[in-house]
Amino acid sequence: MQASPLDVPKANWRQDEELEIFSDAVGQFFEKECVPHVPQWRKDGIVPMEIWKKAGEMGLLGASVPEEYGGAGGDFRHEAIIIEQQQWKGVDGFGITLHNAIIAPYIVAYGTEEQKRRWLPGICSGELVTAIAMTEPGAGSDLQGMKTTAKRDGDEYVINGSKTFISNGQTANLILVCVKTDPTQGAKGISIAVVETDKVEGFRRGRNLEKVGQHAADTSELFFDEVRVPASNLLGEVEGKGFIQLMQKLPQERHIIGLQGVGMIERAIHETVEYVKGRKAFGGTIFDFQNTQFKLAECKTEATVAKVFADHCTERLLKEELDAATASMSKYWISDLQCKIIDECLQLHGGFGYMDEYPIAQMYADARVQRIYGGANEVMKMLIARTL
């Protein structure tokens, strides 16, 4: 891993030699197997299935899944390292963190023993690529407003509805679909049904959506027209638990967005320092200007505060003490800061910063969605305000 521009004392959870070895291995994987292909992935709008299987062979999928289910038997520290290295290497669009640290934990935590043994080995090998379908055209952060239904019919559930903005949407063959099993019960009527796309009829993928950034990520519309799944595909096999399951796992998802923000901020500052020290103007370098030094000093200070806070949140998460409000702080404040710092860094690149071939321009576009997905930042502020 290249030297970070931030002088931050190593957090307690990082003080592990095995973790450093793992970090090096992850970095080498991204550098060798992903970085050379990122430009093509961005053009194609999708990351090919082969890379999922390579990641599985390297033990990067299911890093925190127990070994008995085919995983590496690690914990959230290993997921945090993968997030960090992915951001450092600029491998945006590969949905490994969604797969590993957001979706697999639902199955580990709430799946029956049969469900774990059925799905987790494929998730860890890369045979199964996952997605979670929450957002609908008429219901974004308001999960209770979803319209997709799953009606019991004998030993099956019949799913009808549509979802949008679904990451891994073109690739995923195992999708956790948030549904209303009882539309009259509000939050208590929400469940999660698992759809194995290769085994059902009536499932259709819409177009691969064109986005402002995150161009290598396949983000899609999904349609469910009388899709029948076995009743045993209801996550946990008890109706009405979906909203609770989502609320219990969303703090981890939101903190992950904060961690991604810190990783991209570090890369942005590193790239910018390299650029301004090499760019000549008015008889010196851009770095020689006091304004450049002041701006970068501000960026480094704010980024250091963000990293210390993110490490603190990770420590709390590992102890199962990360509450919804603190996770919301991580998500909203760091993603806001991410966009602010990258904007400052782009400005220091001048006209070249607006050219898509420069990493800072790609980061500028890729960062913007961080303030939206995982719950819009305005919703995060509402959740924090409830604790006052």
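Which residues of the largest nonpolar core touch the most other members? Keep that in mind as you tour this predicted model.

**Stop 1: the largest core.** Select Phe-30, Phe-94, Tyr-106 and Leu-176. These four touch the most other members of the core, which holds 83 residues. Now colour helix H7. H7 gives the most to this core, with 10 residues.

Zoom in on Phe-30. Leave aside its neighbours within four places in sequence. Phe-30 is then in contact with Val-35, Ile-82, Gln-85, Gln-86, Lys-89, Val-91, Phe-94 and Ile-96.

**Stop 2: Thr-197.** Go to the loop between strand S5 (190-196) and strand S6 (203-208), where Thr-197 is found. Is Thr-197 buried or exposed? Thr-197 is buried, because its relative accessible area is 9%, and buried means under 20%. Show its contacts next. Not counting residues up to four places away in sequence, Thr-197 touches Ala-172, Asn-173, Ile-175, Phe-203 and Arg-205.

**Stop 3: the second largest pocket.** Select Phe-76, Lys-249, Gln-252, Leu-317 and Glu-320. Of the 20 residues that line the second largest pocket, these are the closest to its centre. About 470 Å³ of space lies in this pocket.

Which helix gives the most to the lining? Colour H5: this helix supplies 5 residues. Helices H4 (76-89), H5 (96-110), H7 (242-278) and H8 (290-318) each supply at least two. Finally, colour the lining by residue type. You will find 10 nonpolar, 5 polar and 5 charged residues.

Conventions:
Residues numbered from 1 in each chain as written. Predicted model: local features only at pLDDT ≥ 70, side-chain atom pairs only at ≥ 80, totals over all residues. Heavy atoms only, no water. 1 Å grid on protein atoms, 1.4 Å probe; cavity = no way out; pocket = protein on both sides within 12 Å on 5 of 7 lines; lining within 4 Å. Points joined across faces, edges and corners; volume = space filled by probe spheres on them. Helix = DSSP H or I, 4+ residues; strand = E, 2+ residues; numbered from the N terminus. Nonpolar A, V, L, I, M, F, W, Y, C, P; charged D, E, K, R; others polar. Buried < 20%, exposed > 50% of the residue type's maximum accessible area, 1.4 Å probe, protein only. Contact = heavy atoms within 4.5 Å. Core = buried A, V, L, I, M, F, W, Y, C linked by side-chain atoms within 4.5 Å.
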